[in-house]
Structures are given as C-alpha cells and as structure tokens.
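Open the model in your viewer and keep the sequence panel beside it. The stops below say what to select and what to look for.

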Amino acid sequence: MRSARSLLAATAVLALAAALTACTANNPPSNNGAQNAPKVDGTVTVFAAASLKESFTELGKRFEAAYPGAKVSFNFGGSSALAQSIVSGAPVDVFAAASPATMKTVTDAKLTGEDPRVFVRNTLEIAVAKGNPKHIGGLKDLGGVKTALCAKEVPCGAAAVTALKAAGVEVTPATYEQDVKGALTKVELGEVDASLVYRTDVKADAAKIDGVEFPESAQAVNDYPVVSLGKAPNANGAAAFLGYLNSMDARRVLTEAGFQVP
Amino acid sequence: MSTPRTTPAPHPRGRRRPRGATRVPAALLLPALLGLAFLVLPLLGLLIRAPWSALPALLTGPEVWQALRLSLISATAATGVSLLLGVPLAWLLARTDFPGRRLLRALVTLPLVLPPVVGGVALLLVLGRAGIVGRWLDAATGITLPFTTAGVVVAETFVAMPFLVISVEGALRAADPRYEEAAATLGASRLTAFRRVTLPLVAPGIGAGAVLAWARALGEFGATITFAGNFPGRTQTMPLAVYLAMESDPQAAIALSLILLAVSIAVLAGLRDRWMSTP
C-alpha cells in the first residue's frame with residue numbers, strides 16, 4: 001500500500017519534471033550556438049578570483065536567464081586558496097583565476113579539461129580617498145604617505161611588486177593585505193592614504209574612492225585564465241558557462257567592469 | 001590552598017577508584033572517544049603530512065621566529081590587559097546588582113559570537129585613524145593604533161577578554177560570599193575584602209580564564225589582520241604568517257603550524273598544574 005502510493009508519487013514527479021523540461025526546451029536560450037548544444041541544467045559550480053565578484057555575479061544572473069533550469073553557484077576568494085582547494089578535491093566545474101601562476105597549481109595537478117584560456121586582463125590603479133586629498137599623482141608619491149599593498153603571495157601583490165620595480169620606487173607599506181579587497185577597505189575607512197588595487201576594484205567602489213592611473217601599470221598586466229575541470233560534476237554546464245563568457249553579452253559586462261577583454 | 005592536607009586520599013590524582021563505582025557506561029564512553037578522535041585526528045594529520053625532511057630549511061627563515069616572538073609577546077600582553085580590566089569587570093557582573101546587568105553581561109560576551117573580522121572592522125571604526133575615538137587620539141597625541149604592535153594587542157584583547165570574564169565571573173558566583181561578608185563585619189572595606197579575600201578565593205578561576213584568554217589570543221587571526229594589518233616583525237603574528245604561507249606554499253604553512261602547536265602545547269601543559277584547578 002505504502003510502496004504503491006510512493007510509486008504513484010514518484011511517477012507524478014517524473015511526469016512533472018518531463019513537462020517542465022519540455023517547457024524549457026520550447027524556450028531556447030538566445031545565445032549563440034546554444035540551440036544544438038547538449039542540455040544545460042543543474043548547478044554549475046564556479047570558483048573565481050575575488051576581483052571577479054561583481055562582474056561574475058552579474059554574469060551568473062544573465063547565464064541563468066539564458067539557461068532556465070541551470071543555476072550558477074559561485075565561490076569567490078583568493079586565487080591561490082581556491083586553487084589549493086581544487087587540488088584538495090573540491091567538486092568544481094569552472095575555475096577562473098587572477099593569475100597564470102595560481103592556475104598553474106591546477107594544471108600541474110592535471111585536473112583541467114583543456115588548456116586554460118585568458119579571458120580578461122586587469123591592471124593596477126592607485127586607490128585614494130574621494131577627491132584625492134593627498135594629491136597623489138603616481139607611484140613616486142606613495143613613499144610619502146601611508147600605503148597598503150597586497151601581500152606578494154597573492155596576485156595583486158605580485159603585480160604591485162612588478163609595477164613598483166618598473167617605476168624604480170621603493171615603498172614600505174603600513175600593511176601587506178591578504179587580498180585586494182582588504183587593501184581597498186583600508187582606503188575606504190581612511191586608515192591608509194593609498195593602496196595599489198585593480199582597476200576593476202576602483203570601478204566597483206567608485207562611490208567611495210577615487211582611482212589614480214599610472215603609466216607603469218602597463219608593465220604589470222594580470223592575465224585571468226579560465227578553465228573547466230576534467231572531473232567537472234556538471235560538464236555540460238561548465239562548457240556552456242565557458243561559451244557564455246565568450247559571448248558579446250558577457251564581454252560587454254566585463255568591459256564595463258573595467259577589465260580589458262582580449 | 002585548594003584542598004586541605006587532612007583529606008584522606010583514597011584515589012590519588014583521581015585514578016584507581018573502587019571498582020564497580022567507576023565502570024564507564026558505553027553510552028558515555030563511545031561518544032567521548034569519538035569526540036576525542038574528532039579533535040585529535042586533524043592534529044595527527046598535520047603531523048603525518050608534515051614535510052619533516054624539508055622542515056629545517058622551512059623554519060630557518062628569520063620571519064618565522066619574528067612571527068613567533070611577536071605572537072608570544074602580543075598574546076601575553078593581551079592576557080595582561082584582559083586581567084587588569086577583565087577581573088574587575090567580572091566582579092562587577094557577579095557581585096553587584098543594577099538595572100540592565102543581564103544586558104551588560106550579554107554585551108560582554110558578544111565578541112565570542114561576533115566573527116573576528118567584524119570585530120576588527122568595529123575596532124577600526126572606533127580606534128582607527130579616522131575612527132570615532134581614534135581621530136581624537138590622533139589629533140591629541142599623534143598616536144594611531146592600526147598597523148602597530150599595540151594594535152595587535154588591542155585586537156587580541158577584544159577577542160580574548162570575554163573568555164577571562166566568563167571564567168572569573170563563574171568562579172565568583174561559585175565562591176561563597178559569606179567570606180567577604182565576614183571580612184566586612186570585621187571592618188574591611190569592600191576593596192580590601194576583594195583584594196585579600198575574594199581574589200585568593202577565585203585564583204584558580206582567574207588562572208583558568210587567563211590561560212583560555214592567552215590561548216585564544218595566540219590563535220587570533222581575523223580581528224588582528226583587519227585591525228592591525230600584516231607587516232613582518234610588527235603585526236604579522238604566527239596565524240597571519242600561516243595564512244599567507246598557505247597562499248603560496250602549503251608545506252611551509254604546515255611547518256609554521258607545527259611550531260605554533262608545539263609552543264602552545266608546551267605552555268599549556270606547563271601551566272596546567274600551576275594555574276588551572278585540576279581536581
């Protein structure tokens with residue numbers, strides 16, 4: 001009796017699911033090449049660098065709108081920490097890192113489905129308080145004010161070292177922050193006068209801080225590679241998300257966020 | 001002072017009690033062992049996966065010892081500040097009665113539940129260079145706390161002091177107030193009674209609280225990196241060094257953790273008999 005009833009319930013659920021899938025199939029996503037691609041549904045797990053947070057959150061919404069039935073679940077963090085957790089066996093479909101060096105951790109472990117592709121580039125800017133009260137014009141002015149840099153272990157810190165070297169400037173910061181958002185917060189709260197952060201971070205926080213561009217940033221361009229994982233639990237979803245990153249729609253969102261899209 | 005010498009000692013150091021009375025019920029033993037394994041196994045994992053052969057090379061850098069020294073100094077200083085401010089606070093909560101005392105107690109324990117990073121931001125908002133109090137401090141004295149070793153001590157005290165307050169308050173509540181009353185009837189002022197009667201009475205509780213606070217301060221990460229930042233030799237304590245090593249070299253992070261672990265075990269084991277009441 002009980003089993004008969006549960007069987008009935010299960011059939012009903014299946015029928016409903018079939019009807020729902022039929023509905024979505026009638027409503028093909030508007031993106032290029034998605035019509036004939038394998039069906040995309042379920043959760044797509046994306047590990048992405050902290051600096052991608054704003055733009056990827058937006059892209060995730062648009063992706064879900066384009067692929068009803070698919071859901072994107074993000075984990076934003078320091079690229080190195082994300083790479084470590086992927087190597088430790090985290091079930092991930094797509095990994096977007098803020099530097100080739102952190103991506104190398106994952107490719108060296110032979111965990112990637114294909115070769116990583118550089119999908120955006122990011123440059124540094126000097127973040128200063130609104131109105132630039134200390135009149136900071138370039139890297140050479142950082143020696144005289146209280147500065148926050150990213151720790152050299154994380155990509156934004158490595159880029160800062162390169163840029164400062166290119167400018168021939170030595171800066172002893174008040175602090176080496178553990179990620180770029182930490183360096184940004186310290187400026188926002190007025191605890192330091194300046195910090196070296198990504199151009200995209202300045203754009204995302206434009207209401208509270210100003211950015212100062214400097215020529216040496218061209219020497220310290222950060223490539224962001226993205227890749228799908230070989231053991232992706234949702235391989236179709238991973239492929240669709242990578243495809244979507246290449247779409248005009250996604251490129252526009254990324255450009256607006258301040259990234260250079262190659 | 002804790003146990004009178006005249007007490008018969010049928011079970012020295014708590015072992016070898018009469019049989020039957022001490023048979024451990026399986027319903028308690030099983031979860032107890034499971035709990036023990038749960039706490040100890042991750043530490044064992046750290047030991048097993050430690051890069052023993054590379055250890056000397058990983059640990060000879062001056063930054064390691066700098067970080068360890070800073071950790072020990074700042075945790076001890078934070079414990080000192082916690083004792084100076086926390087014991088009187090615990091006394092106030094346990095021995096006086098005023099409206100809003102319950103609320104006050106809840107506020108005191110708030111740092112226990114607050115994510116330490118939030119605690120760090122809160123400290124910045126108040127004591128930072130642009131903070132409510134910090135701005136005034138900067139203007140009056142030129143002192144700014146963030147990014148200094150003093151800032152590390154402030155952050156660690158904020159997180160660790162509630163442990164001490166709770167422990168001492170518990171000890172005060174368990175202590176018999178009649179001793180203090182007797183002292184008062186003999187003419188001692190309330191301060192004298194506190195100093196000469198109460199303090200010795202709750203010394204084990206203070207000791208236990210101090211050890212807890214020290215251990216918490218030693219492991220402090222979130223509030224420290226948020227409020228005091230991260231600069232080698234000045235504000236980079238061991239947990240910060242471990243976190244950053246984890247970003248680039250997990251082997252080095254494990255090696256650093258081992259050092260912190262060894263020092264903590266040595267200090268806690270050394271203090272246990274002296275300070276903590278172990279009936």
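Select Thr235(B), which lies in the loop between helix H12 (222–227) and helix H13 (238–248) of chain B. The model is a predicted one. Is Thr235(B) buried or exposed? Thr235(B) has a relative accessible area of 0%, so it is buried.

In sequence, Thr235(B) and Phe147(B) are 88 residues apart, while their C-alpha atoms are 6.5 Å apart in space. Show the other contacts of Thr235(B) too, setting aside neighbours within four places in sequence: among them are Leu70(B), Thr148(B), Thr149(B) and Val152(B). The list also includes Thr224(B), Ala228(B), Gly229(B), Asn230(B) and Leu240(B).

Stay in chain B and select Arg234(B) with Phe231(B). The charged end of Arg234(B) sits over the ring of Phe231(B), at 4.3 Å from the ring centre.

Next, go to helix H9 of chain B, residues 178–185, and pick out Glu180(B) there. The relative accessibility of Glu180(B) is 14%, and because values under 20% count as buried, Glu180(B) is classed as buried. Which residues is Glu180(B) in contact with, leaving aside its neighbours within four places in sequence? They are Arg95(B), Ala193(B), Val197(B) and Thr198(B).

Move to chain A and colour two helices: H2 (residues 53–66) and H8 (residues 235–245). Their axes come within 11 Å and cross at roughly 115°, which makes H2(A) roughly perpendicular to H8(A). The crossing of H2(A) past H8(A) is right-handed. To see the contact, show Phe56(A), Leu59(A), Arg62(A) and Phe63(A) on the H2(A) side. On the H8(A) side, show Gly237(A), Ala240(A), Phe241(A), Tyr244(A) and Leu245(A).

Phe74(A) is partly exposed, with a relative accessible area of 23%. Phe76(A) is also partly exposed, at 22%.

Note on methods:
Residues are numbered from 1 along each chain as its sequence is written. Chains are lettered from A and ligands numbered from 1 in the order in which they are written. This is a predicted model: local features need pLDDT of at least 70, side-chain atom pairs count only at pLDDT 80 or more; totals for chains, interfaces and linings use all residues. Side-chain values use heavy atoms; hydrogens and water are left out. Buried means under 20% relative accessible area, exposed over 50%, partly exposed in between (1.4 Å probe, protein chains only). A charge sits over a ring if NZ of Lys or CZ of Arg is within 6 Å of the ring centre and within 35 degrees of the ring normal. Axes are lines fitted to C-alpha atoms, for helices over the stretch in contact, and angles run from 0 to 180 degrees between N-to-C directions. Helices (H or I, at least four residues) and strands (E, at least two) are DSSP runs, numbered from the N terminus. Angles under 35 degrees count as roughly parallel, over 145 as roughly antiparallel, 65 to 115 as roughly perpendicular and the rest as oblique. A crossing is left-handed if the near helix is turned anticlockwise from the far one by less than a right angle, and right-handed if clockwise. Contact means heavy atoms within 4.5 Å.
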